[in-house]
Amino acid sequence: SRVDVVLSDDGLQHYRLARTFEIAVVDGARGMGNGLCLPAGPLREPPSRLESVDAVVMLGGTRSPAGGTAFTMQQVPQSWRNVANSARAFDDALLRDPATVAIAGIAHPDRFFASLAAQGFVGRTQAFPDHHAYSRDDVAFPGARAVLMTQKDAVKCRAFANARMWMLPIRADVDCALIDRIVEKLDGSQVARNARVSRHERSGDPRS
């Protein structure tokens, strides 16, 4: 099949890459930090870059992004799934067990750990570097009744997963207005799309 849309993560700074629609995602809790780029600050692009993108998406938090057109996105936790056996049912008591361990090898592990605390988690946490390549020893944790992790981490642990390992899938709730804007940018306005559908329907009508 013909590919007509290419999505690129972390593509804003790759200036030679042709782009039709640019989206900058801003952490609602941390905002622009100290406003400086790596390594002096957390940013990959200066704050002024927001003025040239097509959309600024605020991930959680309450701060309003500067520049561009602002949209919102929330990460909504789903039901826990066992990494080794999806048919297993999760016991909420594991969250309240001090022997349970939570791991995260993502850019902002504290966000994951905070979401667990909101569910009543009282165990200990272990952060790994972003994009960490897990080994069996990394997640051994003798004495732990359960090892909780993100879905991203679970993908890297499947080869040696056991019944103690649980992942927390996340659903991204994106502002519908942003979806409409992207579709319109890629496929034309709703009026134009309706017209194309109408023409297609007429062409398929044997009476036409």
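## Close-up views of a predicted model

**View 1. Strand β4 pairs with strand β8.** Strand β4 (residues 81-82) and β8 run antiparallel to each other and are joined over 2 bridges. The model shown in this and the following views is predicted. Arginine 81 has methionine 167 of β8 as its bridge partner.

**View 2. Strand β7 pairs with strand β8.** Here the pairing is parallel, with 4 bridges between strand β7 (residues 147-150) and β8. Leucine 148 lies opposite tryptophan 166 of β8. Methionine 149 has methionine 167 of β8 as its bridge partner. Strands of a sheet are held in pairs by backbone hydrogen bonds, in a parallel or an antiparallel arrangement. Together, β7, helix α2 (residues 151-157) and β8 form a β-α-β unit that is right-handed.

**View 3. Strand β8 is covered on both faces.** Side chains in a regular strand alternate between the two faces of the sheet. In strand β8 (residues 165-168), Met165 and Met167 are on one side, and Trp166 and Leu168 are on the other. All four of these residues are buried.

**View 4. The open sheet has 5 strands.** The order of the strands is β4-β8-β7-β5-β6, and the pairing is mixed. Which strands lie at the edges? They are β4 and β6, each of which pairs on one side only. Helix α1 packs on the sheet and touches β5, β6, β7 and β8. The direction of α1 makes an angle of about 150° with that of β5.

View 5. The buried residues in helix α1 (residues 109-118) include Pro109, Phe112, Phe113 and Leu116. Viewed down the axis of α1, the buried residues fall within an arc of 95°, so they line one face of the helix. Their cover includes β5 (101-104), β6 (124-127), β7 and β8. On the face turned away from the buried side are the exposed residues Asp110 and Ala118. Just after α1 comes glycine 120, with a positive phi of about 100°.

View 6. A disulfide is a covalent bond that links the sulfur atoms of two cysteines.

Definitions and conventions: Residues numbered from 1 in each chain as written. Predicted model: local features only at pLDDT ≥ 70, side-chain atom pairs only at ≥ 80, totals over all residues. Heavy atoms only, no water. Buried < 20%, exposed > 50% of the residue type's maximum accessible area, 1.4 Å probe, protein only. Pairing = 2+ DSSP bridges. Right-handed = clockwise from strand over helix to strand, strands pointing away. Arc of directions from axis to C-beta. Contact = heavy atoms within 4.5 Å. Axes fitted to C-alpha atoms, helices over the stretch in contact; angles between N-to-C directions.
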